[in-house]
Amino acid sequence: MSLRNAVLATLLEGEASGYDLSKSFDAGVANFWMATPQQLYRELDKMAADGLIQARVVQQERRPNKRLFSLTEAGRRALHEFTARPPRPGAMREELMVQVQAVDAGDAEAVMAALRERRSWAESKIARFERLQARFLNGRTEEDYLATADRIGPYLTLMRGLAFERENLRWCEETLTILDRRTSTLKS
């Protein structure tokens, strides 16, 4: 998948500035696609040049003018074509996993500190995703939301992000317990 497809999918929500898209990536897309603001702005320029999105300039008095981006018909077709293709298998490449793999020959205390940091990061992402979930539901049950919402894709990816981070949290806690017990035994 490319950043291009993630931007096209995000613009299904409607017209947005580069800043809005960046924030949307932080809040809603970060559970499955990461992009720096610089990458995002470069991609927006390319997509506009390719006719997948269009930009209109909004004049602002006390701030620089901003560009608002929206999907073109070509962008909608490209997104449709993307969803029609079988996805490539994902690959997990995570440095912490390599550190845990090597913990027996490495610095167990440093690995445990990294696990505690990852646990904290998972906790904060879970809290952020749960706030976003509450905004989606807006007092409705999940069943009612899924039956009546205009778009459910963002909610479904949010649910995957929540499950992923909850599993990260569970794994970090279990791994820390095991490593703590092991290091305590080895010190005795």
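Contact means heavy atoms within 4.5 Å.

**Entry 1: ground rules.** I am looking at a predicted model, where local features need pLDDT of at least 70, side-chain atom pairs count only at pLDDT 80 or more, and totals for chains, interfaces and linings use all residues. Residues are numbered from 1 along each chain as its sequence is written, and side-chain values use heavy atoms, with hydrogens and water left out.

**Entry 2: leucine 8.** I looked up what leucine 8 touches. Leaving out residues up to four places away in sequence, I found Met47, Leu52, Ile53, Leu71, Gly75, Ala78 and Leu79.

**Entry 3: cores.** A nonpolar core is a set of buried Ala, Val, Leu, Ile, Met, Phe, Trp, Tyr and Cys residues joined through side-chain atoms within 4.5 Å. Buried means under 20% relative accessible area (1.4 Å probe, protein chains only). The largest nonpolar core has 16 residues. Val7, Leu8, Leu11, Leu21, Leu44 and Ile53 touch the most other members. Helix 1 (3-10), helix 2 (18-29), helix 3 (37-49) and strand 3 (66-71) each supply at least two of its residues. Helices (H or I, at least four residues) and strands (E, at least two) are DSSP runs, numbered from the N terminus. Helix 1 gives the largest share, 4 residues. I then found another core, of 11 residues, lying apart from it; Ile126 and Tyr145 are among them.

**Entry 4: sheet.** Two strands pair if DSSP finds at least two bridges between them. I read an open sheet of 3 strands, order 1-3-2, with antiparallel pairing. Strand 1 (16-17) and strand 2 (53-58) are the edges. Strands 2 and 3 are joined by 6 bridges. Glutamine 54 has serine 70 in strand 3 as its bridge partner.

Note on methods. Buried < 20%, exposed > 50% of the residue type's maximum accessible area, 1.4 Å probe, protein only.
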